[in-house]
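Dear colleague,

Please find below the structure that I am handing over to you. My findings follow directly after it.

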Amino acid sequence: MAADVLSVIPDGPPAGPPGASPASPVGRLAAVVERLSREVRAAQAEAEGRALIELAKGILVERLQCGPPQAARQLAELAEQAQVTLLELAVDVINQAARDRMSEVTDAFIAATRVSEEAESESAAVRLRAAESGALAANDTQAVADALLEQALRPLGAVAVAIWAAGSDGSLSLAGSAGFSPAEAARWRYVPPDVVTVARRGLTEREGQWITTLGQTGLPSIGLHQHPDGGRAALPAGTGGRIHGVLEIAWPTPLAPQPPQIVRQVEALAELCAHTLETRTQPRDEALEPRILPDAAELMDLADGLHDPALVLVPYLDGGGHLVDFRIQHVNNRFLDPAGRPRAVVNGALLLEAYPMAAGDSELFQRIERVYATGEPFRTRRMNLTALVDQVALSAVADISISRHGSAVLLIWRIEDETARLASLLQHAQRLGRIGGFEENLLTGEITWNGQLFDLYGRPRSSVPVPLEELPAHAHPDDSVSIRRFLRTLLHHRRPAAAAFRLQRPDGVTRHIRIVAEPVLDPGGRLLLLRGACQDISAQHWTEVALAATRDQLAHTEQQATERNRLTLQLQHAIMPPTQAPLQVPDLQVAVRYRPAETEQLVGGDWYDAVVLPTRMVLLCVGDVAGHGIEAATSMVVLRNALRGLAVTGAGPGQLLSWLNIVAHHLTGAVTATAVCGLYDPERRTLRWARAGHLPPVLVRDTEAAPLPLLKGMLLGAVPEAGYEESEIQLAPEDTLLMYTDGLIERRDRSVEESLTHLLTTASTAPSTLDHQLDRLLTYSKSDTDDDTCIVGIRVG
């Protein structure tokens, strides 16, 4: 019967659902359900145990011939003397009275089983027990390290051991070491939180780190220079879900994979170190009788002084000392339960029982568990939280802060209020847009303005708002018609309306305002409210005024420019027609082409001339005045006519350009220009020519085209006096000579040499007539500067 009674008492941690990891969210929720079920079964067993105790009291009353109080006292004294529980003694009393021998057989079987298991365990862990005895006998962590190395680790091939204590900030302190030199131990006395070492890997990963060769990892560690190629093991030393430090073991040679029994043995040594490092021991019956820890008491005072909701959590351990949950030790006065439960209900409850979704809610529980284990704080912004209470899921976005203080954890969060955030955005939008809102209750006469509207009106916020019906009195008199139309549409026709007017403020400032409003009607059609907004559009109004003035000025400027360009084009076309009547010269064909710029604003100063002089010589020239517009066109006219007048003197082309340079420098406002001037003798078929900063003419003979030599001569108007070199060329029948301005070949993306090569290729293919050849040059020109172009060509007959 005793075995039947004790079988209902829970024993060991919950198994969880098949396939579910105890650390997974589903496993944690299953563990909570299992624990609650065990507590229910324990309560039922306790109720049944009370019945058995009362039955045992009755047996003692009958056997000892005493009263119930004396029997209860006798039963308690016997249980204390036998060092058993009251329930176990009661079961024995009942069994003896009923002459039930089943319990004796069961007890003998259990005792035999325990003896056999202990014998097997002792044979497999003699070394572990010896190390445990030595560690327990030691009086400090240094002695523990010496005992572990000599009695347990050196037989495994290890040469050094280090016991690290984990700080609350994630730092590591060397609490004890053996096998390392004193200088090395002093150098590694403290490791800051941000330094990644082998021991920190064991702390943050929360599982054993078995490294084959330390040098290949690149991680620093104590004794690295002594055993760079040796193996390392770093195992977290923790109890009750909290890691108190790390046990690091060094081997002199590469570490081979260890068998499972060795791994379990070393893990047991790490747990032994955890008991040594632990500053206070949690009572194993804390789950049944929770008490306030000193660390939690300090955090409770700290949480009450915060302006954000906060929870103080303490670890909740099962019967085996494993962390399964956290108890909510305290909630501050800023805490509001998502389900509306009072703080007294939440205070003292288990975290996963009060908020089951914390197990899978953005890994919140895992974060708390990690902070409690390692001591490293966790902070994040805009974390999604879901609280499930009574099958109702409530979601929120919060900023989370989790930190460990001693044996307690402080959880702080700040819920992002979406309504407040939107209201703040609206307030900033109204401020930036200079918009003020209003609402007028026509039944009560109450008027509500926001602060921005008081600023628009230039009135203190303590003043009385202005009703809409009095709006004409505060506006410019010229705007009264539009305001009254606005009020009639709003109040009489009861439709939304808008208007723009000039507001005259008490400080004398006039602001341009746009007002929009709508009526609010009850189901019966009665007018209840007027609500709307006013926007300061003064800046927009003055911008529109300035824009209109600028637009008028621009239109006037465009008209002037159009007229100016029209006059320039007329002048240019009058002096420079696109073609010219053929010259009557024996055995000579003369043709000219002029192509103006496509953009009227770029009217330039290109010019050409082909005329028979009184001496029967033929004057051939092209030129280009720098710049565009009417100034360039008038300067071109001056130079062209001056060259014609100078040519009748019979001087050569070099002298003509020297005189034309004087004209350009002194008589035309110091303009600059380029030109090519030639004199053709029909009788001798010779051409004397000179150039002033211009490209030389091109000679086409047979199927070859080549430029004439580059003579010396600077551009016109640059200096007061200049000399120009002359040259003479003998032409043969069917020769073609071309003079042109740079508008024919100039490109932005190519050099002049490349463009000239293309011109020579095009000119070498000579059509039947000279006119066709000039047209072909204009057609296949690759110029992209949109400049004027002049071409003068002669062909000897």
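In which hand does α20 pass α21? The crossing is right-handed; a crossing is called left-handed if the near helix is turned anticlockwise from the far one by less than a right angle, and right-handed if clockwise.

Before the details, a note on the basis. This is a predicted model, in which local features need pLDDT of at least 70 and side-chain atom pairs count only at pLDDT 80 or more, while totals for chains, interfaces and linings use all residues. Residues are numbered from 1 along each chain as its sequence is written, and side-chain values use heavy atoms, with hydrogens and water left out. Helices (H or I, at least four residues) and strands (E, at least two) are DSSP runs, numbered from the N terminus.

Helix α20 covers residues 630-647 and helix α21 residues 653-666; their axes lie 10 Å apart at an angle of about 140°. That makes α20 oblique to α21, since angles under 35 degrees count as roughly parallel, over 145 as roughly antiparallel, 65 to 115 as roughly perpendicular and the rest as oblique. Axes are lines fitted to C-alpha atoms, for helices over the stretch in contact, and angles run from 0 to 180 degrees between N-to-C directions. Contact means heavy atoms within 4.5 Å. On the α20 side, V638, L639, A642, L643, L646 and A647 meet L656, W659, L660, V663 and A664 of α21. By class, this contact of α20 with α21 has 11 nonpolar, no polar and no charged residues (Ala, Val, Leu, Ile, Met, Phe, Trp, Tyr, Cys and Pro count as nonpolar, Asp, Glu, Lys and Arg as charged, and the others, Gly among them, as polar).

Both helices also lie across strands. α20 lies across β18, β19 (618-628) and β20 (673-681), at about 20° to β18. α21 lies across β20, β21 and β24, at about 25° to β21.

These strands belong to an open sheet of five, in the order β18-β19-β20-β21-β24, with antiparallel pairing; two strands pair if DSSP finds at least two bridges between them. At the edges are β18 (604-612) and β24 (726-730), each of which pairs on one side only. From one strand to the next, the twist averages 15°. Strand β21 (residues 686-692) pairs with β24 over five bridges in the antiparallel sense, and A690 stands opposite E726 in β24.

Yours sincerely
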